[in-house]
Amino acid sequence: MSYIGTPTSRIDGHAKVTGAAKYAGEHNVDGLAYAAVVTSTIAKGRVARFDLSEALRVEGVLDILTHENRPPMARSTSAYKDDVAPEQGEPLRPLYDDKILFNRQPIALVLAEEWEIARFAASLVRVD
Amino acid sequence: MHLAQTRPAQPIRQTIPAPHKIPLSLTVNGVERKLELAPWTTLLDALRDHLDLTGTKKGCDHGQCGACTVLVDGRRINSCLTLAVMKDGAKITTIEGLAKDGALHPLQQAFIEHDAFQCGYCTSGQICSAAGLIAEGKAKTPEEIRELMSGNICRCGAYPNIVAAILEAMERS
Amino acid sequence: MINFQYSRANNIADAVRQIAADPKARFIAGGTNLIDLMKEEVERPSRLIDITHLPLKAVEETAEGGLRIGALVPNSDLAYHPLVAQRYPMLASAILAGASAQLRNMASTGGNLLQRTRCHYFYDTATPCNKRTPGSGCSALNGINRMHAILGTSDACIATHPSDMCVAVAALAATVHVTGPKGERTIAFADFHRLPGSTPERDTNLGTDEIITTIELPGKGFAKNHTYLKIRDRLSYAFALVSVAAALELDGDTIKEARLALGGVAHKPWRDLGVEASLRGQTAKREAFMHAADALLGGAKGHAHNAFKIDLARRAIVRALTQAARGTPQSQSSKKVL
């Protein structure tokens, strides 16, 4: 084949150098919500309780997800297996339960109509 | 996602108001765009979220990676550390504005020819930064280009090709 | 980021009026440090007063043969200004050693003085920090303190001032002009930044209701024999482990005047007039430089991860004075240290 051994410009080159290439977070659609992550300030332990009352009072906040109200999630490791999952270890199960396993572990997700509102409301989330 | 299940019995009144929005005007890639934005909106978020110009990228959001580099009144800056309201009236050039009448800017052409990217996420910032560098006229050698491009990181490691592309575009301009 | 009000200052008097009216307000110019700190919620101003339209953008020669630099002159403009390149090349070199081109285009002269430490504990609102929250403790003292200070510290704070420009400005013995409700006053640069002592929450002696208007450089720029030597973990775009601004006025081999300031080692650029005075009349060679280094580093105290800075600073001072004496200043683009 004539492509082998000859320098060939990438087919995605034009899109990338003109800014036309869309990455995952760049599909603006109507009604798009934004999320800000609240992370733990300890490396190991448990979430004792949340106080979301002030954060929920921010205009534009849609909801706040924590392990207490998250959608159902699989527990077994095999449910998270894919082509790149390593043979050993545990997958990240965000908001799974109250256990803190590492510093800055995501513990709450603030959903809002605008990015900065989500971030601002996240700063009002209280955790013990 | 069953958000309805998470609402408490009594809905919480949202008594902390969203910030007051301020009207401003940005001339982006030659087109005047009128916006009303809260002061906390960065220029980067104004471009990406409010003007749907997603060519400029958010890498670190803290002025450390350079992916958000755009030209404001001809000078390269990190748009993530700039508030949109503070640039009221400014002329902004983003990656989307470098090509003219369908013809690629010499830098864009050189980046393709020198394979100066892999994933492409830093590329917009690299090209806008390089455009600013060429306009500044301070870099003449590869060493100087490297130093004056040090505000743009490339995790794919395309640096040698980036420098080569910039050198070529500089010689052409 | 918290919710804040935004307003513009129409003139200097208006700026002073606005800041005096609200102790939790902050001026914003380049924003390269303040917006970063606001995103981290370290700074939580009630109001940002946009001063970018104030007439503080000139670089002018003074009657005394010095230079007056407006507080809003961007760092890059200052570094590339013909008068600075020609008469104060050490200042230009120090500016170009710092940050990135984009940040230098945005950052203001006044803001460069007022930028805050990059101590990672200061930045992390989950950790105790006496600078952020007086009385809460200093996490760096018994924490990871590789980038921290070895001089002028207290048990309350071992943070460093991160600026390169300020080290050169200190060596050049500038004067800071400020305006407040009570009028104008000047602050000698050596007195502008504070040592942490028991009040690390205060970085500078600028009043909370004052604005920096200009920085004035005296006539002596040491354009013939100078250097700014910055030692850091990366070749570019990293803060100093140790940096040295060194300048000499020579008569043959004899030192007529010396300036020596250190960065990366203290809460402010580290300079000692006594050490500079002791160099006067000496022959510009290694022995004199080593004595000066030892004297300037007298009292240096290392912590668990930064004791290496003491010897590094010693060697950097000797190298810098040697470069200055030879008239071979460190290039900021060629990374070879001659």
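In the predicted model considered here, chain B is divided into domain 1 (22–97) and domain 2 (106–172), the bounds being taken from an automatic or database domain assignment. The C-alpha centres of these two domains of chain B lie 21 Å apart, and 14 residues of domain 1 of chain B are in contact (C-beta atoms, placed from the backbone, within 7 Å) with 13 residues of domain 2 of chain B. On the domain 1 side, two or more residues are given by each of strand 3 (69–72) and strand 4 (75–78) of chain B, with strand 3 of chain B providing the largest share, three residues; helices (H or I, at least four residues) and strands (E, at least two) are DSSP runs numbered from the N terminus.

Residues are numbered from 1 along each chain as its sequence is written, while chains are lettered from A and ligands numbered from 1 in the order in which they are written. Because the model is predicted, local features need pLDDT of at least 70 and side-chain atom pairs count only at pLDDT 80 or more, whereas totals for chains, interfaces and linings use all residues.

Between chains A and B, 26 residues of chain A are in contact with 34 residues of chain B. Helix 1 (13–18), strand 4 (61–66) and helix 3 (115–122) of chain A each give two or more residues to the chain A side, and helix 1 of chain A gives the most, with five residues.

For chain C, 24 residues are in contact with 27 residues of chain B. Here the elements of chain C that give two or more residues are helix 2 (34–39), strand 3 (47–50) and helix 6 (101–106), of which helix 6 of chain C gives the most, with five residues.

Terms used
Contact = placed C-beta atoms within 7 Å.
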